[in-house]
Amino acid sequence: MANPPPNFQVLIVYNPTAGQSPDLKNTLDRVATLWRDLGWQVQIAATTAPGDATTKAKIASQSGYNAVIAAGGDGTVNEVMNGLVGTETALGVLPLGTVNIWAREMGLSMDMLKAAESLGKSELTKIDVGMAGNRYFLLMAGIGFDAAVTATVRSEEKKLLGAIAYVKQAIQVAWNFRGVRLKLRIDGKRVRGKILMVIIGNSQLYGGVVKFTAHATIDDGLLDVCVIKGRGMLSAPRRLISIFARHYNRDPQVQYYQAKQIEIRGKRRKALPVQVDGDYLGTTPMTFQVIPDRLWILVPPNADRSLWRSADERTEDLLPEV
């Protein structure tokens with residue numbers, strides 16, 4: 001890893017509808033000034049529609065920008081990274097959304113100016129990403145119960161209630177949600193049973209609180225998979241206790257794997273919803289796979305170092321050209 005050079009060219013892509021900041025543009029202008037004082041060249045662009053952040057990130061990478069900073073929630077971060085995978089342009093993030101999982105993984109303050117100060121001391125490194133169908137994900141994919149919740153949370157409620165909107169909707173969905181028998185193969189190994197939820201993690205943190213995939217690292221060429229079984233959500237509290245305690249394999253209804261590819265199939269009437277990085281994507285059947293060593297990121301000083309393999313396990317990365 002190495003620090004960005006003084007002539008670092010940065011584009012801030014922000015979602016004007018994210019978060020609850022009453023003076024967002026002024027705050028971003030202050031962030032830009034802070035970085036310009038470091039010698040960085042900074043531009044700011046607002047998104048105008050779903051998918052616009054991906055387009056802006058792709059154009060930025062083709063135009064010679066060294067980094068695109070996603071200022072928004074995890075959905076905005078996902079859109080930006082989908083425009084940067086496989087390029088020499090790095091991803092950074094300023095927390096502005098409901099949960100801000102990647103910002104928390106990177107040890108950033110939820111105060112944007114403090115987060116910007118940390119990003120100014122960042123290092124560059126390359127990491128793996130996941131792929132669900134034909135969409136990349138940075139954090140995780142969820143299949144089953146959590147995706148059913150994500151699919152039904154309204155954007156107005158998220159903006160008004162924050163994370164509480166998910167809790168409220170989870171209680172409503174849980175009442176009637178039932179486990180489903182699927183054809184689940186993890187690197188070719190068949191997993192049997194009634195499935196309530198599958199979490200496929202590239203990183204560790206889920207929902208800002210729980211670590212369903214606590215052993216995940218973002219540079220090991222693998223995805224971590226937590227399979228939660230059961231007939232209905234009444235058993236979920238017992239499953240969560242096992243997950244909080246990280247006693248995955250002591251609970252027969254919770255199974256933990258590491259894999260390169262996960263296939264989820266089933267009959268159409270038993271299709272389960274899928275979410276990636278907190279946004280609804282579609283339904284099964286779907287294939288999930290790891291794409292190793294494919295995304296450059298900015299790593300602030302307080303990032304959770306457990307996300308990386310130990311130094312003696314890593315090979316020396318070459319920096320992207322600046």
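A: Asp 304 is partly exposed, with a relative accessible area of 23%; buried means under 20%, exposed over 50%, and partly exposed in between, with a 1.4 Å probe and protein chains only. The model is predicted, so local features need pLDDT of at least 70 and side-chain atom pairs count only at pLDDT 80 or more, while totals for chains, interfaces and linings use all residues. Residues are numbered from 1 along each chain as its sequence is written, and side-chain values use heavy atoms, with hydrogens and water left out.

The side chain of Asp 304 meets that of Lys 211 in a salt bridge of 3.5 Å, N to O. The two residues lie 93 residues apart and link distant parts of the chain: Lys 211 is in the loop between strand S11 (194–201) and strand S12 (223–229), and Asp 304 is in the segment after S17. Strands (E, at least two residues) and helices (H or I, at least four) are DSSP runs, numbered from the N terminus. Lys 211 is partly exposed, at 22% relative accessibility.

A salt bridge here places a side-chain nitrogen of Lys or Arg within 4 Å of a carboxyl oxygen of Asp or Glu, and the structure holds four of them. Another one joins Arg 309 and Asp 219, also at 3.5 Å, N to O. This pair is 90 residues apart and again connects distant parts of the chain, with Arg 309 in the segment after S17 and Asp 219 in the loop between S11 and S12. Arg 309 is partly exposed at 28%, whereas Asp 219 is buried at 11%.
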